[in-house]
Amino acid sequence: MSPYILSIFLFGLGLGTTITFASTHWLTAWMGLEINTLSILPLMARQHHPRAVEATAKYFLAQATAATALLFASTTNAWFSGVWEINQLSHPIPITMMTIAIALKVGLTPLHTWLPEVLQGLDLTTGLILSTWQKLAPIILLMQVQPHNGTTFILLGIASTLVGGWGGLNQTQLRKILAYSSIAHLGWLTIVLQFSPALSFLTLMTYFVMTFSTFLTFKLNNATSLNALATSWSKAPMLTALTPLVLLSLGGLPPLTGFMPKWLIIQELTKQDLPLLAALTAMTALLSLYFYLRLSYAMALTISPNNLAGTTPWRLPSLQSTLPLALATVGTLLLLPLTPTITSLLSL
């Protein structure tokens, strides 16, 4: 793809998200989401591979359905209340429809089934964009809808943490594992959304840093499956030693960065007199932690069952920039001591 065409599509991604951020009207928010979707479709299909084309088609159908439902819900809300402003929601029917539409857009359970299949058909760079940047605009809308629909958000969040944990247990493809990891993290974010939007935003940013580091690690090793991951020790030994820590940070194990949002969310749920919900949420984290441990074990403690000629891959020099990976890895591992500063800045 030409660099000029690529820059236009990337500009479209930024423009669509910015329009949704700045919107107070449902039509302009919908327009920003559509610009965002139409900008990423060529990036997804640029591989000219049947799997990539299939993933693009599935993503387009899911996003088009969600956008149609969102537009219909906003029209219904305008019919009931006479206003189009995002913060002027009054009737439960359009509120529920909007919640379901946004849940489909980001991949919350039970509307998550498109996400693992789509992510599996993409290359790691486009998958990184889909797992991070594409979630910003819908989640900002979700934060504006949440005061009106608290119980639905708790149910969606608990279901997402359970499905995100159970779904990744038996997977061998790294992109599907990262898709279920995304579903589980979105569940944590959604559970606490009605109690502390600032904490939800902190959870989202922490997830972005950890996912950025994980995707870049897999991209540097050119690994898309457990078998390929087991041979990465011969390509980058130092990175192989650090990657299990990155994965355990995604699982929320102290004293790594990923423990911070889970700790604060459980603390917030306890403050809201929801100890059973806090306990159930903490136990679902063990499901996700299991398959992160499985990835760590496959990468650092085993050797892939290949013949002698295929055991050690060619050690070709990587042309990728390692500075973003270094910064993301440091953030993934070492931000926990800054928790008091971050919470004071966000007024948690």
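Residues are numbered from 1 along each chain as its sequence is written, and side-chain values use heavy atoms, with hydrogens and water left out. As the model is predicted, local features need pLDDT of at least 70 and side-chain atom pairs count only at pLDDT 80 or more, whereas totals for chains, interfaces and linings use all residues.

The largest nonpolar core comprises 40 residues, and Y59 and V118 have the most contacts inside it. Such a core is a set of buried Ala, Val, Leu, Ile, Met, Phe, Trp, Tyr and Cys residues joined through side-chain atoms within 4.5 Å; buried denotes under 20% relative accessible area, exposed over 50%, and partly exposed in between (1.4 Å probe, protein chains only). Leaving aside residues up to four places away in sequence, Y59 is in contact (heavy atoms within 4.5 Å) with T37, I40, L41, M44, W114, V118, L130 and Q134. Another core, of 30 residues, lies apart from the largest one and includes A29, A103, A137 and L141.

Helices are DSSP runs (H or I, at least four residues) numbered from the N terminus. In helix α17, which spans residues 339-346, the residues T339, I342 and T343 are buried. These residues lie on the same side of α17 because they cover an arc of only 95 degrees around the axis, taken from the directions from the helix axis to the C-beta atoms. An α-helix has 3.6 residues a turn, so residues three or four places apart point the same way. The cover over the buried residues of α17 includes α10 (197-221) and α13 (259-271), while the face turned away from the buried side carries the exposed residues P340 and L345. Just after α17, S347 takes a positive phi of about 55 degrees.

Most residues other than glycine have a negative phi, and most peptide bonds are trans. H48, in the loop between α2 (26-45) and α3 (50-81), has a positive phi near 55 degrees and is exposed at 72% relative accessibility. N222, in the loop between α10 and α11 (226-229), likewise has a positive phi of about 55 degrees and is exposed, with a relative accessible area of 62%.

Cis peptide bonds were also identified. One joins T109 and P110, with omega about 10 degrees; P110 is found in the loop between α4 (92-106) and α5 (114-120). The bond from P254 to P255 is cis as well, with omega near 5 degrees, and P255 lies in the loop between α12 (237-251) and α13.

Key:
Helix = DSSP H or I, 4+ residues; strand = E, 2+ residues; numbered from the N terminus.
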